[in-house]
Amino acid sequence: MVCDIKRIRLEIEGIVQGVGFRPFVYRLAARHCLGGWVRNTGRGVLIEAEGKPENLALFREAISSEAPPLAVITGLRCSEQVPAGETGFAILASGGGESRAMISPDCDVCPDCLAELFDPTDRRYRYPFINCTNCGPRYSIITGIPYDRPFTTMAPFAMCPACRAEYDDPASRRFHAQPNACPACGPHLRLTTAAGDDVAGDPLDGAIRLLREGRILAVKGVGGYHLAVDAGNEEGVRELRRRKQRDEKPFALMAPTLEAISCFALVDETEARLLSGTERPIVILRKKEANAVAPSVAPANGYFGVMLPATPLHYLLLRGNFSALVMTSGNVTDEPIAFRDDEARNRLAGIADAFLTHDREIHARLDDSVVRVFQGNPLFLRRSRGYVPRGVLLPASQTNVLAVGAELKAAVCLTRGNRAFLSQHIGDLKNTATLASLDETVIHLQRLLDVQPAVVAHDLHPDYLSTAYAGRIADLPALAVQHHHAHLASCMAENGLDGECIGVIFDGTGYGLDGTIWGGEFLVGDYRGFRRAGQFCYVPLPGGDAAVREPFRMAISWLHRTYGAKLFDLPLPCLAEVGEPERGILLRMLERGINSPSTSSCGRLFDAAAAILGVRSRISYEGQAAIELEALAEEGAPGEPFPFVVSAEDDRQVLDFAPLFKAMTEELIAGGGRAGLARRFHVTIALAAATVCDEIRTNSGANRVALSGGVFQNRLLSEEMVNLLAARGFDVYTHRLVPPNDGGLALGQAVIAEWSNAPFPQSLR
Ligand code: ZN
Ligand code: ZN
Ligand code: FE
């Protein structure tokens, strides 16, 4: 009989701690009549199990196929052991060893907890901090490792006997659920006035009453404060806009259910899946024609950004009370989202009428993630809460690297072994508040991953705050990475590509090897280096940064190529706005090259088109002109492309779009419909790019194309390009795990640094 018994050892790596993995193994062992034990280790979970071989096989299979919802197994090693005659199965105390386990992202409420939340007989009925091993906050409350209650912001709360019993019971859903709490022992809600005085009565009821009255509430969420107002109350929404000094940028919405969302927005299957996923991102959805949402929520925009409740508190606020709430980041424009109570109080006091807050601290600041669906996959516009700190598997592992990103949409990346961990969205690194946030994020990520980088990678731009930050890290060699090379590497890395690829990198701004502003780039390269095989032709950027805020300047720059000083005779609304003195100044700037750096930017090309077509001459938030141009184009039919010119200069393909702007302008003046022209503009850019790719393939033999850069947040252009390139036999790769914009840049910087043994600036030309 004895020879029938076998014993195996399973070493499991991944997100397997703090997600109910050990009780799951315990139950599985009982089901298959196995003896042995399970315990946490520094690397993950270690199991030894013995019993009949057929039962062991079933057990091993179920470990992967039935793992708890939040678990992610990234490695499983099995080895045979000598049977020890154990018949009982035990959960042992954690062993030592280096801490290499992975932390779970913050997670939405699980169905079991949700049922208890609304069950009047449950002891956690209406308790906003309900959670279990299958759900609840993680990354945002963890202060150190190992992931244990003392290293979370739940440390000050001592569990009551009832909670403690659950915590110690392997059969409970709350076995070792570190944030476990109940009304008797856990955090509590507080409703205060803007001045900080308590509002009498039940805080939740009081908050709902204020929201019903159209008041603006600061609500403490997972990774920071939101500003909430009833989305059906136009006056309230307009007041929020006024107080936040935010003119046009759309506000995000939160609705209680998918059904509620489908009353005001169109939701397809993929979008529904993303909305209801445990990550709870904001999903960009097309508006329904007639809807009850206040017009000021998303003016001049065909889309709403919508999410489902992400915490028990959100469910309690929304269910049965509102069909939707505005839930916008609790920040002052350009500053990071407020997440500490005193800071929120100070910064939001002039905006919020009242504060719905609580006494569980947020340790890591996290914005909401924002995605749109592209060809059945998420396309990240912002990757943050719910996704961080999930790792990206790298094609190989070399040194541990810290990469600090660029300037806009900053995020940092830390690599450990064969995984890269991209941080949450930090914001635009233009002030000391965001720089401080970057530093906090680096510290938090380093502590959680328990890794010391050997190299720091940064953007080639000498003036970015992130570049200076990298330079201040003592004793670490720094590596400057060209911006668009990093974009290419980012897309290649998340797709697991190695070897030479063509990179079509379209974005707004990136410091070029020649010191100009690049942005419409065709690279051929890999992680080690690149060659600039093609580019949009250089045009002047009249006024530098002013041209970014005022797209009409780029229209003038492009039209000047064709019409010279006569451009002002063109009957275009965007030109009519420019006064006589300013016209003279702009012409002198263009003709003499004063304060007009050269750029090959694709973002600025879209700005020019948006201005010419009368979409937007000045913007109030980044990317606005291109976003509105895309929305207009979606209403137009895809007609004939406009003409463009490709010419070879020093082995490099150069694309000139002056003929496009001439043709588009003349058709517009002749009465052509704006939507159709906007659509044909998109078609033309895609065709021009594919034409250049063909040319590059002939010269280099490379057949794989990676699309990256902020312009690829544009779904219409992405679709057009993917289809066109695929039809020409290219293998096309896009972003699905990290944003195509600068939010995903640090991943590329990190991989390039990993592949580069000697720390010196990448320069192959
Ligand atoms: Zn739960
Ligand atoms: Zn309790
Ligand atoms: Fe970029």
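Here are some questions and answers about the labels.

Q: What should I keep in mind about the model and its numbering?
A: This is a predicted model, where local features need pLDDT of at least 70, side-chain atom pairs count only at pLDDT 80 or more, and totals for chains, interfaces and linings use all residues. Residues are numbered from 1 along each chain as its sequence is written, chains are lettered from A and ligands numbered from 1 in the order in which they are written, and side-chain values use heavy atoms, with hydrogens and water left out.

Q: Why is Leu325 called buried?
A: Buried means under 20% relative accessible area (1.4 Å probe, protein chains only). Leu325 has a relative accessible area of 0%, so the word buried applies. Leu325 belongs to strand S12 (residues 325–329); a strand here is a DSSP run of E with at least two residues, numbered from the N terminus.

Q: Which residues does Leu325 touch, not counting those up to four places away in sequence?
A: With contact meaning heavy atoms within 4.5 Å, the partners of Leu325 include Leu211, Val229, Ala252 and Met254.

Q: In what sense does S24 pair with S28?
A: S24 and strand S28 (residues 652–656) pair in the parallel sense, over three bridges. Here Gly534 stands opposite Gln653 in S28.

Q: What area do domain 2 and domain 4 bury between them?
A: Buried area is the accessible area (1.4 Å probe) that two parts lose on being put together, summed over both. For domain 2 and domain 4 that comes to about 750 Å², 65% of it on carbon and sulfur atoms. Pro105, Tyr139 and Ile145 supply 66% of the area that domain 2 buries against domain 4, more than any other three residues.

Q: How many salt bridges are counted between domain 2 and domain 4?
A: A salt bridge needs a side-chain nitrogen of Lys or Arg within 4 Å of a carboxyl oxygen of Asp or Glu, and the count between these two domains is zero.

Conventions. Pairing = 2+ DSSP bridges. Helix = DSSP H or I, 4+ residues; strand = E, 2+ residues; numbered from the N terminus. Buried < 20%, exposed > 50% of the residue type's maximum accessible area, 1.4 Å probe, protein only.
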